[in-house]
Amino acid sequence: MAMVSDRLRVIECDNNSVKDVSSLAYLSVLGRLSLKNNNIEAIEDLERILACLNYLTELDLRGNPVEKIPKIRDQIVMMSPSLENLNDKKILGHERT
């Protein structure tokens, strides 16, 4: 796993019934992560991995139950300073203030 975690830059894991994302925290250089149409429900799980993924610039969570949490976009933007695009939508400067 150590060899992969230092090199893996992109993961597309759409439509796979993913619920637990905690193991992604070890992928320290991950730049793009697509988890569309899965079963991610808890913002706490996302918070844990986003704290570790310092190079993540693109994240797609469309079609997950977590999207129903009020102001989820705002929360994710504040959790990840490196994020530039969330759900295929550019993060604007005023969203970080």
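Buried here means under 20% relative accessible area, exposed means over 50%, and partly exposed lies in between, as judged with a 1.4 Å probe and protein chains only. The structure is a predicted model, in which local features need pLDDT of at least 70 and side-chain atom pairs count only at pLDDT 80 or more, whereas totals for chains, interfaces and linings use all residues. Residues are numbered from 1 along each chain as its sequence is written, and side-chain values use heavy atoms, with hydrogens and water left out.

Helices (H or I, at least four residues) and strands (E, at least two) are DSSP runs, numbered from the N terminus. In helix α2, which spans residues 43-50, the buried residues are Ile 43, Leu 46, Ile 49 and Leu 50. Viewed down the axis of α2, these buried residues fall within an arc of 125 degrees, so they line one face of the helix; the arc is taken from the directions that run from the helix axis to the C-beta atoms. The buried residues of α2 pack against β2 (32-34), β3 (58-60) and α3 (72-79), where contact means heavy atoms within 4.5 Å.

## The buried side of helix α3

In α3, the buried residues are Ile 72, Arg 73, Ile 76, Val 77 and Met 79. They cover an arc of only 160 degrees around the axis, which puts them on the same side of α3. The partners against which the buried residues of α3 pack are α2, β3, β4 and β5.

## The nonpolar core

A nonpolar core is a set of buried Ala, Val, Leu, Ile, Met, Phe, Trp, Tyr and Cys residues joined through side-chain atoms within 4.5 Å. The largest such core has 26 residues, and those with the most contacts inside it are Leu 33, Ile 49, Leu 59 and Ile 76. The elements that give two or more residues to this core are α2 and α3. When residues up to four places away in sequence are not counted, Ile 49 touches Val 21, Ser 22, Leu 24, Ala 25 and Leu 33.

## The loop between β3 and α3

Ile 69 is placed in the loop between β3 and α3, and it counts as partly exposed because its relative accessibility is 25%. Leaving aside neighbours within four places in sequence, Ile 69 is in contact with Glu 41, Ile 43 and Gln 75.

Although Lys 71 is not a glycine, it has a positive phi of about 55 degrees.

On a 1 Å grid over the protein atoms alone, a pocket is an open set of points with protein on both sides within 12 Å along at least five of seven lines, in contrast to a cavity, where a 1.4 Å probe fits but cannot get out; lining residues have an atom within 4 Å of a point. The largest pocket has a volume of about 180 Å³, a volume being the space filled by probe spheres set on the points, which are joined across faces, edges and corners. Its lining includes Glu 12, Arg 32, Leu 33, Ser 34, Glu 58, Leu 59, Asp 60, Asn 87 and Lys 89, and β2 and β3 each supply at least two residues of that lining.

Asn 87 is found in the loop between β4 (85-86) and β5, and it has a positive phi of about 55 degrees although it is not a glycine. Lys 89 has its place in strand β5; leaving aside neighbours within four places in sequence, Lys 89 is in contact with Arg 73 and Glu 84.

## Cysteines

A disulfide is a covalent bond between the sulfur atoms of two cysteines. With the criterion of a pair of cysteine sulfur atoms within 2.5 Å, a search of the whole structure finds zero disulfides. The sulfur of Cys 13 is 18 Å from the closest cysteine sulfur, in Cys 52, which is too far for a bond. Cys 13 counts as partly exposed at 24% relative accessibility, and Cys 52 likewise counts as partly exposed, at 34%.

## The segment after β5

Thr 97 lies in the segment after β5 (89-90), and Thr 97 is exposed, with a relative accessible area of 83%. The C-alpha atoms of Thr 97 and Asp 74, 23 residues apart along the chain, are separated by 9.9 Å.
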